[in-house]
Amino acid sequence: VKRALAGAWTLAVLVCAVYVGRHALHGLPVESGLLEALPESASHPLANRAVQRMADEAGKQVVFLVGAPNLDVAGAAADALADRLRGRPGFETIVPRVEADGLSELWRFYFPYRFQLLTEAQRAKLRSAADPALLDEAVERLYHPVGLPRLGGVEVDPAGYFGEALLSLGGQGRLAVEGSRLVVRDGDTTDVVVWVKLEKSGASMGEETTLVRALDDAAAAARAAGATEVLRAGFVFHSAAAAAQAQREMSTIGVGSLLGIIALMLWVFRSPRPLLLAVLPIGVGSVVAVGTALFLYGRLYLLTLVFGTSIIGVAVDYGFLFVSGRVTPGPWDAWARRREILPSVAVAVATSLLAYAVLASLPFPVLREMGLFAMFGLAAAWLTAVLWLPFLAHGLKDVSNRGVERLLSLALAGWPRIGDSRKLRVALVLASVAAAWGVTRLRTDNDVRLFYAPAKPLMKETEEVERRMGAPATGMFFLVRGKDEEELLEREEALSSRLQAEFARGSLADFAAVSRFVPSARTQAADRELQWRRLYGPTGIVGRLFEQLGEPALAKAVASTAQAHFTTLRPADWLRSPLSTPFRSLWLGQSPEGYAGVVTVSGVSGSTGLAHLAEVGAALPGVEWVDHLGTLAGELDGFQWRLGWLMLAGYLGVAVLVAARYGRQGWRVLLPVGLACFLAAGVLGLCRVNFNLFCLFGLLLSLDMGVDYAVYLQEKGPKDARASLLGASLSAVATLLSFGLLALSHTPALRNFGLTVLLAIGGSWLFSPCFLRKESL
Amino acid sequence: MRLLALSLMVLGAVDETSLSAIERGLTPFTTLHAHFLQKKSISGFSKPLLSEGEIDLTKGQGIYWHTEKPFDSGLRITPQGVEELHGGQARPLASGQGAGAREVGTLLFSLVAMDLEGLKGRFELVGASRQPTGSFQVALRPRDASVRKVVDEVVLQGKSTLERVTLREGNGDQTDILFTQMQLDRQAPGAPASPALENGRGDAGKAGP
């Protein structure tokens, strides 16, 4: 039976290994994208959709600002940059110049609607200015040697209103077209904008590194061609930087902890074989976990890989405990040792699975994946330990180590016991009181930036590009709703006129909305009426203009076309045109509750400015200010509370398990880890460390592992407690080395996690022997 | 595409000699003041629109185009943009970005300043000739198709200074401008050519979004 089980398990592992191996040949599909890993805002599906669409767009975009003292040099440098990128894989489009004939495209598209299109300023002028003023202005414009673009005869736009409206269509913006270049002017430098669109957003880690290398190479080409400054912005840079940082840390922290563990093992066992036996379950667990995640999701989050493999590291316990039996002298029977440890590791794996089931039940993609990853990995590691190790450890040579043995005996004898050390009891009570105070001082902030702390220069560069281009604020926008398209557009216009006032006051640099390209039918009709009355109709000035210039026949022609023309411009017409390409994510279209659109703002400074915008939105029907990152942080706070409760539930579950096995002595198993977690939280509170979701996650992990130490000590077999203490200590030190070192990470989430684990695991390890029964000695 | 670029380079090389000769023949200046006579023929109109006035230009700063007849109005063109001056009030031509207006505006500025180097970036020389008498003619076409829809061709004529500009627009309109009484550097170099221009820089600086 033993052989059959072990054989079956070998087969299963082989299948899994082949599956993972086949994927690994093409590079593991690891997703380092940050937005994808975030939970969806549960309360706001529409906002999610808006954010998703914007994120998809943004994820593919890279912007270069190629700066030089003058346009020609900047343009040549931009071309050099584009030439370097062309033909490289992964880039869909590279746009160093405005290839499409922008103005004639605009002219052609809006031409049928020219008598119903007005800017805010034109509207105000036509409403209030006197006829002679309008007439004078129109005459002067015709005389000007240069002026507004008119791509047709004088009769199509006699007073220049259409040309003027086209130029200010869509908003102020900071981008200007000069010649065939898209240009931003800032002080003395002229920046030519080069748009690069990647083939896909959220490429794998390896692909991203290649893309970024190509992009940096292109930037160098631009510098060589005379650019004095090349600024870049794009999700891919951040994503690649985050991945590189994680990789760097994994290699430094990971290698450091691995070396530490190996050194410790060699000192204890003076032989590599026990170490290999202890590590084998982790290896198998990791392969199975990766295989399962790939099978279920088709890809892995970077965070899952980092955290998940660390969690599976817990499984080193099983192996340690097993081989620790060989340290004490005496005959070795691998199967007997398995029988001895089976209850311990059974309880240990049961508590672990319970703890990660809690994680897997959260509606948070990364955590859910991580939870499942850990559950499968741990179960596989456990099966490996239980089914394979006895075979593999057959005839393990005596590795008894007198130094270690003596140390263990001394430790067991000298360790203060809760039962007979008054000092210990007082110290623990005092520490608990202090911790209780610390816990009341805990503060929580689940900002999304926890996942990733961008390198300062990169962040600065991005912000500089956004500032110069007047890019919209990230994850913040107005969500506008209406029962139909018309109501939506009218509501957007109501918001627009408020934002126009904010713009005039300087509190924002620009805003973008579909209604700025497609006015509502009501506005189109009103504008047409206004232009007819003041410009083209019998009471308008255009007739007089042509009379004054001696061309009365033209007046009649204009009036008749102006009268004849009227088709309402609809959003669908605009969405079909290539003109709308950069703005399509502003239109969310039909949803069950009606139609929805997004209005983005840019150049808003400070939280007061944002709060003010929120007020502006709140005052209008159907308009809502969405701060997606803020909402997410709030929802993560909510998650944290739920996780907190779930953790308590997990604790209760573990308590039930422990009680079932140990009866009234169960408190000796539960208290050390409980106390350690409580004290850890207290210390974090006292030190004013941000107690976020990841700290709680660390506590959950500590609960899982910490309880194991007490279990091993309680479950000591006929052999003395020294083997159990050794197993627990090896596992605790290994954990401290592998997780505790995460406290050195630059990623806030990992750092918080590492710090928590360091405190809670350290505590559990130290406290567990204190709660042993006296007769255990 | 490469062939086209090559042929352009050859063309450019041919024109380069006459162009540099023209440039050498020009009197250098920092500020310029002149009287202008403009004839704008609008396609579809039976009669051209005639106007005259004064211009003031300071290299690197801008141009003030002051029409005196048949009415009084001004156009101020600086690197920041184009403004209409109407009854003492300045108004940017085309509210908002007005990129197109700026494009055409900077063109006029470069033309009157005879900034041939600056023009070469965006224009293709379709002809340049210099007579032994010293009079020259330069014909330019925008390199960019979209700009050609607005300005199709520009012809510059003159001797030691610019004397005549012809602007042919894509819509069929044509503007001929004759400069007379040209005065170069009539004030100390560096001083503003006209109060209006000085004013314009200040305004434009503040008006930027």
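## Cavity, chains and a helix in a predicted model

The largest cavity is lined by 23 residues, and A:Arg141, A:Gly147, A:Leu148, A:Arg150 and B:Lys40 are those nearest its centre. This is a predicted model, in which local features need pLDDT of at least 70 and side-chain atom pairs count only at pLDDT 80 or more, while totals for chains, interfaces and linings use all residues. Residues are numbered from 1 along each chain as its sequence is written, chains are lettered from A in the order in which they are written, and side-chain values use heavy atoms, without hydrogens and water.

A cavity is a set of points, on a 1 Å grid over the protein atoms alone, where a 1.4 Å probe fits but cannot get out; lining residues have an atom within 4 Å of a point. By class, the lining of the largest cavity has 12 nonpolar, 5 polar and 6 charged residues; Asp, Glu, Lys and Arg count as charged, and Gly is among the polar ones.

The two chains are set out below. Helices (H or I, at least four residues) and strands (E, at least two) are DSSP runs. Buried means under 20% relative accessible area and exposed over 50%, with a 1.4 Å probe and protein chains only. Contact means heavy atoms within 4.5 Å, and accessible areas come from the Shrake-Rupley method with a 1.4 Å probe.

| Property | Chain A | Chain B |
|---|---|---|
| Secondary structure | 29 helices, 13 strands | 5 helices, 11 strands |
| Buried residues | 56% of 777 residues | 49% of 209 residues |
| Accessible surface | about 31200 Å² | about 9500 Å² |
| Share of surface from carbon and sulfur atoms | 63% | 55% |

In helix α5 (residues 120–128) of chain A, the buried residues include A:Gln122, A:Arg123, A:Lys125 and A:Leu126. These four lie on the same side of α5(A), because they cover an arc of only 165 degrees around the axis, taken from the directions from the helix axis to the C-beta atoms. A:Arg127 and A:Ser128, on the other side of α5(A), are exposed.

A:Arg299 sits in the loop between α10 (272–297) and β8 (300–301) of chain A. A:Arg299 counts as buried because its relative accessibility is 19%. In sequence, A:Arg299 and A:His23 are 276 residues apart, and in space 9.8 Å, C-alpha to C-alpha.

Note on methods
On a 1 Å grid over the protein atoms alone, a cavity is a set of points where a 1.4 Å probe fits but cannot get out, and a pocket is an open set with protein on both sides within 12 Å along at least five of seven lines; lining residues have an atom within 4 Å of a point.
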